[in-house]
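Thank you for making time this morning.

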Amino acid sequence: TKWDTIAFRAYHPYRGKGKMKPFSKYVLSIWKKQPEKKMWLEVYKNNEPGIRLYEKLGFSKVGLNKEDTDRIVMTMES
């Protein structure tokens, strides 16, 4: 299995405008065409909007980063 990583950033004036979900779905739809791949990301555990977005996109929480327990590791399979 091959792993990829992804990061999401939204800054003013785009934050909270509903642009991240459609754009992220589009990018992930291209990535999902690759067989047997996995994607991971880390998110601060107090970033509730980010966690909700990642879960809506299909990411699942797998645990805390062992070196930085303020960050949650999330994964997705293609």
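Phe23, Tyr26, Val27 and Ile30 together make a nonpolar surface patch of about 400 Å². A patch here is built from residues with over 30% relative accessible area and no salt bridge, where like charges are joined within 9 Å and nonpolar side chains (Val, Leu, Ile, Met, Phe, Trp, Tyr) within 5 Å, and the accessible areas come from the Shrake-Rupley method with a 1.4 Å probe, counting only the protein chains shown as cover for residues. Ile30 sits in helix H1, residues 20-31, and is partly exposed at a relative accessible area of 43%. Helices (H or I, at least four residues) and strands (E, at least two) are DSSP runs, numbered from the N terminus.

Before going further, please keep in mind that this is a predicted model, in which local features need pLDDT of at least 70 and side-chain atom pairs count only at pLDDT 80 or more, while totals for chains, interfaces and linings use all residues. Residues are numbered from 1 along each chain as its sequence is written, and side-chain values use heavy atoms, leaving out hydrogens and water.

Now to the charged pairs. How many salt bridges does the structure hold? There are 4 salt bridges, each being a side-chain nitrogen of Lys or Arg within 4 Å of a carboxyl oxygen of Asp or Glu. One of them joins Lys37 to Asp4, with the closest N and O atoms 2.9 Å apart. Because Lys37 lies in strand S2 (residues 37-44) and Asp4 in strand S1 (residues 2-5), this pair ties together parts that are 33 residues apart in sequence. Lys37 is buried, at 14% relative accessibility, whereas Asp4 is partly exposed, at 22%.

Another pairs Glu77 with Lys38, the closest N and O atoms being 3.9 Å apart. Here too distant parts of the chain are linked, since Glu77 is in strand S4 (residues 71-77) and Lys38 in strand S2, 39 residues apart. Glu77 is exposed at 55% relative accessibility, and Lys38 is partly exposed at 23%.

Terms used. Buried means under 20% relative accessible area, exposed over 50%, partly exposed in between (1.4 Å probe, protein chains only).
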